[in-house]
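Good morning. I will talk through one protein model and the open spaces in it. Please have the sequence and the structure ready.

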Amino acid sequence: MSVTVHREGLEAGRLDIFVDGAFAFTLTLLAIGGAEIPNDVDRMVHLLGNVPAAAACFAQMARFWYGHVQWRMHCTRATRPGLLLSLLLVFFALIVVYPLHMVYASLFNALSAGHLSSDFGLHRAAEVKSLFAIFGFSYFCMSGTLALLFRHAAHVASAHGEDDFTPRLRAVLWLIPAGVGALSAIVALSLPDDAPGWTFALPGLLYFLLMGMGWISRRMRARAGRPD
């Protein structure tokens with residue numbers, strides 16, 4: 001029994017190290033200058049304009065990474081579904097980092113009238129639609145995978161006679177951003193190219209629905225008689 005527990009702990013630890021390393025690698029892709037070192041002040045100032053977008057991307061990727069950290073807190077055992085879903089999360093993370101960066105860079109470019117992230121302006125309706133569709137689908141994949149991880153954690157906890165409320169709750173909560181991402185992608189693809197300009201902001205505005213996740217979590221806990 002002790003040999004099995006030790007092996008499970010070793011496998012789980014190696015998986016977590018791999019996932020942590022993969023997320024760290026995705027963050028290096030967000031470096032404001034990439035592999036380029038500015039050789040004059042003007043270029044440095046230009047690159048610093050990418051900092052707000054890079055910070056927003058960093059926060060979003062950190063949120064996904066911390067979701068996996070929280071999953072491990074509820075699923076300490078090494079399981080095949082946990083392994084496969086964690087690897088799938090890493091795969092999606094390597095894909096989402098580029099549309100994530102472009103969405104935030106384009107946002108800050110628009111809000112600052114081109115002063116921030118000046119290399120990432122969107123000028124055609126087709127560009128906006130494609131970017132939001134790819135981003136929404138990627139967001140759906142990342143959040144959906146985390147929902148499946150927590151659902152698996154709840155199943156493992158229940159099978160071992162442990163409390164499965166929190167992983168079940170987190171599985172539901174991760175379904176919310178998955179649904180918002182899918183809805184945003186559908187709305188983006190549904191917009192006609194000749195639609196009024198303001199309508200192309202709708203796919204992005206849908207993500208403000210995520211601000212209600214804290215309220216939903218508190219309501220679900222209160223209804224189940226669980227403290228925050």
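Predicted model: local features only at pLDDT ≥ 70, side-chain atom pairs only at ≥ 80, totals over all residues.

Which helices each supply at least two residues of its lining? They are H4, residues 80-111, H5, residues 125-159, and H7, residues 202-205. Helix H4 gives the largest share of that lining, with six residues.

The lining of the largest pocket has 23 residues in total. If you want to find the middle of it on your screen, look for Val 103, Leu 107, Phe 132, Gly 204 and Leu 205, which lie nearest the centre. The volume of the largest pocket is about 680 Å³. As for how such spaces are found, rolling a probe the size of a water molecule over the atoms shows where empty space is left.

What kinds of residue line the largest pocket? The lining divides into 17 nonpolar residues, six polar ones and no charged ones.

Is Ser 106 buried or exposed? Its relative accessibility is 11%, and the cut-off for buried is under 20%, so Ser 106 counts as buried. A polar atom of the Ser 106 side chain lies 2.7 Å from the backbone oxygen of Met 102.

Now the second largest pocket. Its volume is about 230 Å³. Three helices each supply at least two residues of its lining: H3, residues 51-74, H6, residues 165-190, and H8, residues 213-223. Among the residues that line this second pocket are Arg 63, Tyr 66, Leu 169, Trp 174, Met 213 and Arg 221. By type, the lining of the second largest pocket divides into five nonpolar, four polar and three charged residues. For the largest pocket, to repeat, the number of charged residues in the lining was none.

Last, the protein as a whole. How many helices and strands does the protein have? There are eight helices and zero strands. Of the 228 residues, 41% count as buried. The accessible surface comes to about 12700 Å², and 67% of this belongs to carbon and sulfur atoms.

One more number concerns contacts. Take the contacts between residues with a separation of 6 or more: 77% of them are accounted for by residues 24 or more positions apart.

That is the end of my part. Thank you.

Key:
Residues numbered from 1 in each chain as written. Heavy atoms only, no water. 1 Å grid on protein atoms, 1.4 Å probe; cavity = no way out; pocket = protein on both sides within 12 Å on 5 of 7 lines; lining within 4 Å. Points joined across faces, edges and corners; volume = space filled by probe spheres on them. Helix = DSSP H or I, 4+ residues; strand = E, 2+ residues; numbered from the N terminus. Nonpolar A, V, L, I, M, F, W, Y, C, P; charged D, E, K, R; others polar. Buried < 20%, exposed > 50% of the residue type's maximum accessible area, 1.4 Å probe, protein only. Polar contact = N/O pair within 3.5 Å; in protein donor to acceptor, adjacent residues only side chain to side chain. Contact = heavy atoms within 4.5 Å. Areas by Shrake-Rupley, 256 points an atom, 1.4 Å probe, with all protein chains shown as cover.
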